[in-house]
Amino acid sequence: MDSKLDKGYEPHDVEAHWYAFWESEGLFAAKESGDENAYSIVIPPPNVTGVLHMGHALNVTLQDILCRYRRSKGDNVLWMPGTDHAGIATQNVVERQLATEGTDRHKVGREAFIERVWEWRKQYGGAIINQLKRLGASCDWDRERFTMDEGLSRAVRKVFVDLYDQGLIYRGDYIINWCPRCHTALADLEVEHEPTDGKLYQILYPFAQGEGGLVVATTRPETMLGDTAVAINPKDKRYAELEADKVILPIMNREIPIVRDSYVDTKFGTGALKVTPAHDVNDFEIGLRHDLPRIKVIGEDGCMTEEAGDYQGMDRFECRKKVVEDLKKLGLLKKIEPHEHGVGQCYRCKTTVEPNLSKQWFVKAKPLAEKAIKAVETKKTRIIPEVWEKTYFEWLYNIRDWCISRQIWWGHRIPAWTCADCGEVMVRLEDPEKCACGSTNLEQESDVLDTWFSSALWPFSTMGWPENTELLKTYYPTSVLITGFDILFFWVARMMMMGLHFMDDVPFKDVYIHALVRDEEGKKMSKSKGNVIDPLEVIESQGTDAFRFTLASFAAMGRDIKLSVKRIEGYRHFINKLWNAARFTLGHIEKNPDAAANASKPTAIPDRWILSRLHQVTQQVEETLDSYQFNEAANILYKFVWHEFCDWYLEAVKPILYDETGKFDRNTTIATLQRVLTNTLVLLHPFIPFVTEELWHHMPGTQGSIMKAPFPADTDEAIGLCPDKEAEGEMELVMGMVTAIRNIRGEMNIPPNMALATVVQPSDEANSIIIEREKDLIANLARLSSMKIDLNRPKGAATAVVDGNTVYVLLEGVIDLDKEEARLEKEIAKLTNELIKLDKKLNNEDFLAKAPDDVVEKVRGQQAELTEKRDHLESNLEKVRQIHGDKG
């Protein structure tokens with residue numbers, strides 16, 4: 001123990017030192033088995049291409065708080081770390097690298113390209129892990145996994161083969177979301193729909209026989225080249241008498257049928273729907289019901305195919321313009337009107353996605369979804385906050401088969417081989433050498449699996465499955481998953497499906513969904529807006545602990561975090577406040593090293609009160625962390641440290657600590673100080689690990705790391721009754737009276753260093769005894785020259801009532817009431833003039849109409865602030881006048 005603390009806390013050296021210490025001491029390591037309660041979390045694996053952003057920072061901070069807290073409770077904690085291979089994202093990074101060298105993946109070939117990706121991962125893939133360490137993440141780094149490592153690859157392959165053998169994976173024609181830029185299929189959830197100002201084109205499809213025709217509405221006229229029907233709703237009264245059963249497809253001049261299908265929305269357009277089974281998912285389903293052909297007119301490169309006739313080779317958007325131009329010439333374009341609609345974009349490159357017919361691999365999702373729905377319905381897994389259950393159920397009840405194949409090279413290659421001689425498809429755990437027909441001419445599927453496929457196995461594959469490892473026996477199912485709502489569908493639901501199917505148990509008991517981190521105005525952070533706060537820059541300027549404590553303090557369940565650097569700076573002050581309180585405490589311990597050994601049972605009200613409050617705060621922190629109320633736990637500790645321990649307790653015991661007469665039991669107060677600070681450091685450690693570890697090593701009687709310190713006990717016979725309601729009640733009265741006197745001092749503009757005389761009229765005999773006994777404490781805290789109990793009301797005094805006890809502050813000779821009255825009147829007049837100007841501005845319709853919203857809100861805020869200030873001064877003026885009248 002070294003009691004010498006620097007004057008100020010400088011986080012950088014401290015953070016680097018203690019993180020290295022924790023790692024070298026193996027303090028993050030989980031035991032594969034043991035008698036302790038097992039507690040486990042798997043980290044949502046960040047992309048290997050990732051850089052620490054606010055979402056990561058919040059997510060990892062909350063996980064680390066829980067892991068450090070559960071260790072202090074004596075649990076055997078496994079926090080499993082790792083990274084995701086991020087198929088498309090990583091391939092794009094390396095492809096850009098190749099482009100700068102004047103080549104591409106096709107020129108270098110598949111094997112050489114994969115080697116380049118592994119080289120890139122080796123060189124840059126550890127960046128995100130090092131950034132998580134800077135945040136203080138106490139993961140078991142010796143167990144770090146990667147979704148492409150050997151063990152996880154084996155698990156992925158087994159899952160694919162088992163699902164295929166069970167008939168839950170199949171290959172077939174289907175409409176998929178195709179990115180012409182990335183040249184790969186995208187799952188529904190990988191498509192972002194952006195509101196776009198487009199056009200709605202109304203086109204006449206003439207009847208094959210007779211006059212007239214059907215008018216259809218479309219936003220994508222280029223796809224009409226692949227139409228194979230026009231559909232109408234059988235309940236649409238407009239077409240009840242329609243006898244025609246065929247129309248002529250404009251431009252292509254081929255007959256296509258009129259089909260009746262209940263999918264058609266009678267309220268959209270004319271109620272007649274062009275059906276393009278090869279280029280729209282809903283049309284595909286209509287095509288299945290009516291046995292329609294599928295004509296693919298847009299290729300995988302986004303250009304028109306041979307089936308598009310004269311438009312072959314044109315870019316899809318150029319084709320749209322040409323088709324519209326040709327329809328006008330034919331007199332078949334009846335109307336063009338503005339139309340806002342959602343246009344699907346690739347979540348990676350933002351290219352407009354093309355629904356396209358393709359041979360893909362799929363997982364039959366509905367059979368897997370049934371168990372995942374039931375597990376949440378029966379609370380085998382809880383989703384917190386519960387409001388997210390509805391979204392989870394909606395997605396699973398309406399789930400479509402999951403397209404799991406991707407036309408890229410980086411990822412888990414699908415373990416399927418086709419015999420070139422007989423066409424047999426083989427799906428195997430081990431690479432086959434020959435086909436059943438005897439041929440060795442086998443070709444492996446070139447596609448890789450969707451990144452989310454391997455991620456869906458994360459909770460059990462990281463623990464060694466398919467082997468029945470000790471780690472799985474001890475830690476599966478995991479205790480909690482902490483994640484953002486944006487991957488509730490991408491990842492959480494899929495982990496539920498896979499976990500239940502392969503482990504016959506849920507992957508986690510709780511799923512805690514945290515909110516978004518936004519800017520201080522509640523706007524989403526984005527580079528284009530210039531409102532992004534970089535976690536690494538904040539850590540550099542404010543320290544990790546201040547950053548973490550800010551995130552925790554604002555992590556209210558279900559409410560987005562409004563973050564600003566100014567707020568983080570505010571919590572840096574909290575870290576400094578704790579540091580200064582520790583310096584004060586350690587200074588007194590150093591002067592009285594034997595205080596704890598010579599301490600008695602506390603009798604002084606401040607000592608009894610702070611111990612009782614510590615007891616309650618300990619219980620509250622435990623309750624709030626157990627129920628994922630991170631902000632409540634952080635704010636309880638903030639209030640206790642800043643307001644109760646520093647502002648009240650330390651000030652209250654200074655006369656005891658500096659007393660040289662022997663009048664007070666200084667040893668007991670120093671022992672209380674030491675006890676309270678030591679336990680407070682343990683309570684704070686999950687939130688602010690670095691500064692608490694540093695202070696821990698300066699405290700007497702501590703051994704090893706604070707990470708091994710047990711969570712403070714609920715009871716402590718050495719300090720007597722807890723909670724101590726008597727001490728709390730008496731201290732509440734003391735603090736109430738001191739606050740009342742301080743308020744009068746402020747209202748009357750009395751300098752803080754001027755000693756005041758007071759008279760108190762207690763409400764009853766019990767309060768009279770307490771006030772008399774604690775009057776020295778009150779006098780010290782309120783800076784009083786005298787305090788006496790008197791049932792007679794003095795004249796010329798300011799008054800306050802505290803729990804029925806009346807406090808009089810004598811003002812004669814303290815302030816000039818005439819001057820104070822004049823000062824207040826002058827201030828009120830000045831504020832009134834300013835408010836008149838603001839009122840005039842806010843009543844000006846021209847200003848309200850033309851000024852930006854934020855400017856108007858700023859003026860309204862000024863008006864509210866000045867009104868509140870004036871009301872306060874008017875209240876003070878009324879009090880001065882009452883005292884003036886009373887004195888006269």
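Where is the place of Arg783? Arg783 is in the loop between helix H25 (775–782) and strand S27 (784–789). That is one spot in a predicted model, and here is a tour of some others.

## Two residues with positive phi

Let's stay with Arg783 for a moment. Its phi is near 60°, a positive value in a residue other than glycine. Is Arg783 buried, partly exposed or exposed? With a relative accessible area of 47%, Arg783 counts as partly exposed, because the exposed class begins over 50%.

Asp803 is another one to look at: it is not a glycine either, yet it has a positive phi of about 50°. You'll find Asp803 in the loop between S28 and S29. Its relative accessible area is 62%, so Asp803 is exposed.

## The hairpin around Asp803

Strand S28 (residues 797–802) and strand S29 (residues 805–810) pair in the antiparallel sense, over six bridges. They make a hairpin with two residues between them, and Asp803 sits in that turn.

Now for a sheet elsewhere in the chain. Strands pair through backbone hydrogen bonds, and they can do so parallel or antiparallel. Here four strands form an open sheet in the order S6-S5-S14-S16, and the pairing is antiparallel. Strand S6 (184–186) and strand S16 (402–403) are the edges, each pairing on one side only.

At the S16 end, strand S14 (residues 354–363) pairs with S16 over two bridges, in the antiparallel sense. Val363 has Trp402 in S16 as its bridge partner.

## Aromatic rings that meet

How many aromatic pairs does the structure hold? There are 37 of them. Take Phe460 and Tyr476: their ring centres are 6.3 Å apart and their planes stand at 85°, so this pair is edge-to-face. Phe460 belongs to helix H13 (residues 458–461), while Tyr476 is in the loop between helix H14 (470–475) and strand S22 (478–484), so the contact ties together parts that are 16 residues apart in sequence. Phe460 is buried at 0% relative accessibility, and Tyr476, at 10%, counts as buried too.

Phe549 and Tyr571 make a tilted pair, because their planes are at 55°, with ring centres 5.7 Å apart. This pair links distant parts of the chain, 22 residues apart: Phe549 in helix H17 (residues 544–553) and Tyr571 in helix H18 (residues 565–591). Phe549 has a relative accessible area of 0% and is buried; Tyr571 is buried as well, at 12% relative accessibility. Both rings are part of a cluster linked by ring pairs, made up of Phe549, Phe554, Tyr571, Phe574, Tyr638, Trp642 and Phe687.

## Charges over rings

The charged end of Lys133 sits over the ring of Trp141, 5.3 Å from its centre. Lys841 lies over the face of Phe847, and there the distance to the ring centre is 5.7 Å.

## Two cis peptide bonds

Tyr476 turns up again in the backbone. Its peptide bond to Pro477 is cis, with omega near 0°. Pro477 is in the loop between H14 and S22.

Another cis bond joins Trp465 and Pro466, with omega about 20°. Look for Pro466 in the loop between H13 and H14.

## The largest pocket

Finally, have a look at the largest pocket, which holds about 2100 Å³ of space. Its lining has 48 residues, and those nearest the centre are Asn47, His53, Gly55, His56 and Asp486. The elements giving two or more residues to this lining are helix H2 (54–72), helix H3 (87–100), helix H12 (451–455), S22 and helix H15 (488–503).

Which element gives the most to the lining of the largest pocket? That's H2, with six residues. By residue type, the lining divides into 27 nonpolar, 13 polar and eight charged.

Terms used. Residues are numbered from 1 along each chain as its sequence is written. This is a predicted model: local features need pLDDT of at least 70, side-chain atom pairs count only at pLDDT 80 or more; totals for chains, interfaces and linings use all residues. Side-chain values use heavy atoms; hydrogens and water are left out. Rings of Phe, Tyr and Trp (its six-membered ring) pair if their centres lie within 6.5 Å; planes under 30 degrees apart count as stacked, over 60 as edge-to-face and the rest as tilted. Buried means under 20% relative accessible area, exposed over 50%, partly exposed in between (1.4 Å probe, protein chains only). A charge sits over a ring if NZ of Lys or CZ of Arg is within 6 Å of the ring centre and within 35 degrees of the ring normal. On a 1 Å grid over the protein atoms alone, a cavity is a set of points where a 1.4 Å probe fits but cannot get out, and a pocket is an open set with protein on both sides within 12 Å along at least five of seven lines; lining residues have an atom within 4 Å of a point. Grid points are joined across faces, edges and corners, and a volume is the space filled by probe spheres set on the points. Ala, Val, Leu, Ile, Met, Phe, Trp, Tyr, Cys and Pro count as nonpolar, Asp, Glu, Lys and Arg as charged, and the others, Gly among them, as polar. Two strands pair if DSSP finds at least two bridges between them.
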